[in-house]
Amino acid sequence: MFKNNFFKKNRIDFIVAGVQKSGTTALDSYLRQHSEIGMGKIKEIHFFDNERYFRTRKIDYREYHKHFNFSEKKKVFGESTPIYIWWKDSIKRIFEYNNKIKLIVILRNPIDRAFSHWNMEISRNNEVRNFYTCISENKLNQPQNKISSYIERGFYIEQIENLFKYFDRNQLLFIKYEDFLSEQETYLRKIFSFLNVSNDNYNFNFKKSHNIKYSSEIDAKSKSYLLNKYMNDINKVELLLGWDCNDWKV
């Protein structure tokens, strides 16, 4: 009984679960400024996408909880690992951990997301090929690859439907990246309301975070190629979430 009560008390209340290259680092930094929110000691804990922790049926969540200071007087605890929405079984694992958890997902124009992803891997020396070669040689339905998944991560509809498979709609908050950039205060208030924390004592002193300047812009050939790949998926996202994504189709 003690163990069950301890686990019930000491568990994570929310996760920023996606998507990669969509402002999750900026959002994480803002959440850390809120006095009622306790964030993980690091961004991107990578627990639910780490196969090492799920080799047996009995999961040792102490490995996860060691990243949080539950002794702090916080109203909610959370973390940000944007690969969770895309990585196989992560969402199912999160549900099995806490079926009442709340998930925040920021979706970005998938073409811009892919190009930003490629730039990141170039800067890390994980990639040497040019962007068009990467996307045109990409073979879908291959084993998941955390580095070269430039195209795969941008097919949002399957990822969204997987969330709906496990969680009620009121446990999910979807935010359009482009809107978040232009209306940060408005969307932070929505996030705080979603998490049931106060807006009163938060200092909305914003600046652009991680506004990385790339050495080149995406070429027209690559943009056209990806738009053709993503168009059907974008249309489905619009219908499912009730969004206007015409700016993604340009």
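Buried residues, meaning those under 20% relative accessible area with a 1.4 Å probe and protein chains only as cover (over 50% is exposed, and partly exposed lies in between), make up 49% of the 250 residues in the chain. This is a predicted model, in which local features need pLDDT of at least 70 and side-chain atom pairs count only at pLDDT 80 or more, whereas totals for chains, interfaces and linings use all residues. Residues are numbered from 1 along each chain as its sequence is written, and side-chain values use heavy atoms, with hydrogens and water left out.

The chain holds 10 helices and 5 strands, taken as DSSP runs numbered from the N terminus (helices H or I of at least four residues, strands E of at least two). Its radius of gyration is 19 Å, close to the 18 Å that the globule rule gives for 250 residues, so the chain is as compact as a globular protein of that length; the radius is taken over C-alpha atoms, and the rule is 2.2 Å times the number of residues to the power 0.38.

Strand β3 (residues 76-80) has 5 of its 5 residues buried, so this strand is largely enclosed by the rest of the structure. Both of its faces are covered, with Val 76, Gly 78 and Ser 80 on one side and Phe 77 and Glu 79 on the other. Its pairings are tabulated below, where two strands pair if DSSP finds at least two bridges between them.

| Strand pair | Sense | Bridges | Bridge partners |
|---|---|---|---|
| β1 and β3 | parallel | 3 bridges | Ile 15 and Glu 79 |

Asp 28 lies in helix α2 (residues 24-32) and is buried, with a relative accessible area of 4%. Leaving aside neighbours within four places in sequence, Asp 28 is in contact (heavy atoms within 4.5 Å) with Met 39, Lys 43 and Ser 80.

A nonpolar core is a set of buried Ala, Val, Leu, Ile, Met, Phe, Trp, Tyr and Cys residues joined through side-chain atoms within 4.5 Å. The largest one has 54 residues, and those touching the most other members are Ile 15, Phe 47, Phe 48, Tyr 64, Ile 94, Leu 103 and Leu 107. Elements giving two or more residues to this core include β1 (14-18), β4 (102-107) and α10 (220-241), of which α10 gives the most, with 6 residues. Apart from this core lies another, of 24 residues, among them Leu 27, Ile 175, Tyr 177 and Phe 194.
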